[in-house]
Amino acid sequence: MGSLNEDGTTTSFESSPEMVKFLCDRLLDPTQPISERFRALFSLRNLKGPGPRNALITATRDSSNLLAHEAAFALGQMQDADAIPALVAVLNDLSLHPIVRHEAAEALGAIGLESNVPLLENSLALDPAQEVKETCALALNRIEQLKDSGNQSMDEKSPFMSVDPAAPATSSSSVNQLRKNMYERYAALFALRNNSGDEAVSAIVDSLGSKSALLRHEVAYVLGQLQNKDASAALSNILMDRNEHPMVRHEAAEALGSIADDQSVSLLEEFAKDPEPIVSQSCEVALSMLEFERSGKSFEYLFMQAPQVQ
């Protein structure tokens, strides 16, 4: 395995059993700063096998809702079918924060098996949180699209190296599609992201006005992928709005960390003290990632590149 470089090449490195154990232990150690635990999580996401999978499954029950939701997201990105029972258990556990249940539903859609359909339909009918219901509907649409496509081409990772909740729209009317049903809006969003021109970015920013917190959070995530400074003001407004859904503010914080202009960094430093842990921890992680990137090191693979574990 290896890390993706800016020029598209891959740097290879080995992950010894000792390194895997170190990463798993670091991920699950509640005494570690949240940024350190995220570094371990990002590295484990790129490994296969029962060790990384079981550590991430355990992390979906962490007291940090931010870490728990990211662990569920990672399991979906890994598309590991062995994680399905644990993800279903998370989705069905109404004691867990909606942001965690939402991510479990998205992960089941990313894995994409038809056997997940009745499980998602059950939560679509019974989960009290609108963002979870909408995610279940998205996941069901994704699985149906995979089935209808008759091949796995839809399941390929995007140019941004992510497994998206919807395949990008092929229509040229992506801007208009942002006003349609949720799956079509997601498909339009990813098509606009892949276009990444000025008009596309403007349309994406405008869609932050959607009534759906789920769509707003995905829009913020996409703006972070694009790293377009024209989005800074809109993302800053979201982060500063304490009436906004925490999952949307969290994505805005991480997106501002990706954009990383001086104003964004100052705002992240300010809101690292936010009373909502999902937001404050997101700011802390974003600042830590930025620090490593500015030093010329990779936040995601720093542990993996260490010559040995003490």
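Mentor: A helix here is a DSSP run of type H or I with at least four residues, and the helices are numbered from the N terminus. Please keep in mind throughout that this is a predicted model.

Let us begin with the site itself. In UniProt, an unreviewed entry carries the annotation "binding site" for His69, Glu70, His102 and Glu103. These residues are spread over 35 residues of sequence, and yet they cluster in space, with a largest C-alpha distance of 10.8 Å.

Take glutamate 70, which lies in helix H4, the helix that covers residues 65–78. Its relative accessibility is 8%, and therefore glutamate 70 counts as buried, because the cut-off for that word is a relative accessible area under 20%. If we set aside residues up to four places away in sequence, glutamate 70 touches Phe38, Leu41, Phe42 and Arg45. Histidine 102, another residue of the annotation, belongs to helix H6, which runs over residues 98–111. Histidine 102 has a relative accessibility of 0%, so this residue counts as buried too. Beyond its neighbours within four places in sequence, histidine 102 is in contact with Val132, Thr135, Leu214, His217 and Met247.

The axes of helix H5 (residues 84–92) and H6 come within 8 Å of one another, and they cross at roughly 145 degrees. The crossing in which H5 passes H6 is left-handed. On the H5 side the contact is made by Ile84, Leu87, Val88, Val90 and Leu91, while H6 contributes Val100, Arg101, Ala104, Ala105, Ala107, Leu108 and Ile111.

With 12% relative accessibility, valine 88 counts as buried. Not counting residues up to four places away in sequence, valine 88 touches Leu108 and Leu119. Valine 88 also shows how the chain returns on itself in space, for serine 123 is 35 residues away in sequence while the C-alpha atoms of the two are 9.6 Å apart.

Isoleucine 34 is found in helix H2. Its relative accessible area is 8%, so isoleucine 34 is buried. Apart from its neighbours within four places in sequence, isoleucine 34 is in contact with Ser64, Leu67, Gln281, Glu284 and Val285. Isoleucine 34 and serine 282 are separated by 248 residues in sequence, but their C-alpha atoms are 9.0 Å apart in space.

For a contrast, look at alanine 272, placed in the loop between helix H15 (262–271) and helix H16 (277–294). With a relative accessible area of 31%, alanine 272 is partly exposed, since that term covers values between the 20% and 50% limits. Alanine 272 is in contact with Ser280 and Cys283, once its neighbours within four places in sequence are left aside.

Helix H10 (residues 182–195) and helix H11 (residues 198–206) have axes that come within 8 Å and cross at roughly 145 degrees, and H10 passes H11 in a left-handed crossing. In this pair, Leu189, Leu192, Arg193 and Asn195 of H10 meet Ala200, Ala203 and Ile204 of H11.

The pLDDT of the protein averages 88, and 85% of the residues score at least 70. Over residues 305–310, however, the pLDDT is below 50, and this stretch has four contacts in the model beyond near neighbours in sequence. Residues 1–13 also keep a pLDDT under 50, with 24 contacts beyond four places in sequence.

Methods: Residues numbered from 1 in each chain as written. Predicted model: local features only at pLDDT ≥ 70, side-chain atom pairs only at ≥ 80, totals over all residues. Heavy atoms only, no water. UniProt positions renumbered as here; feature names shortened; annotations may be inferred. Helix = DSSP H or I, 4+ residues; strand = E, 2+ residues; numbered from the N terminus. Buried < 20%, exposed > 50% of the residue type's maximum accessible area, 1.4 Å probe, protein only. Contact = heavy atoms within 4.5 Å. pLDDT = per-residue confidence, 0-100. Axes fitted to C-alpha atoms, helices over the stretch in contact; angles between N-to-C directions. Left-handed = near helix turned anticlockwise from the far one by under 90°.
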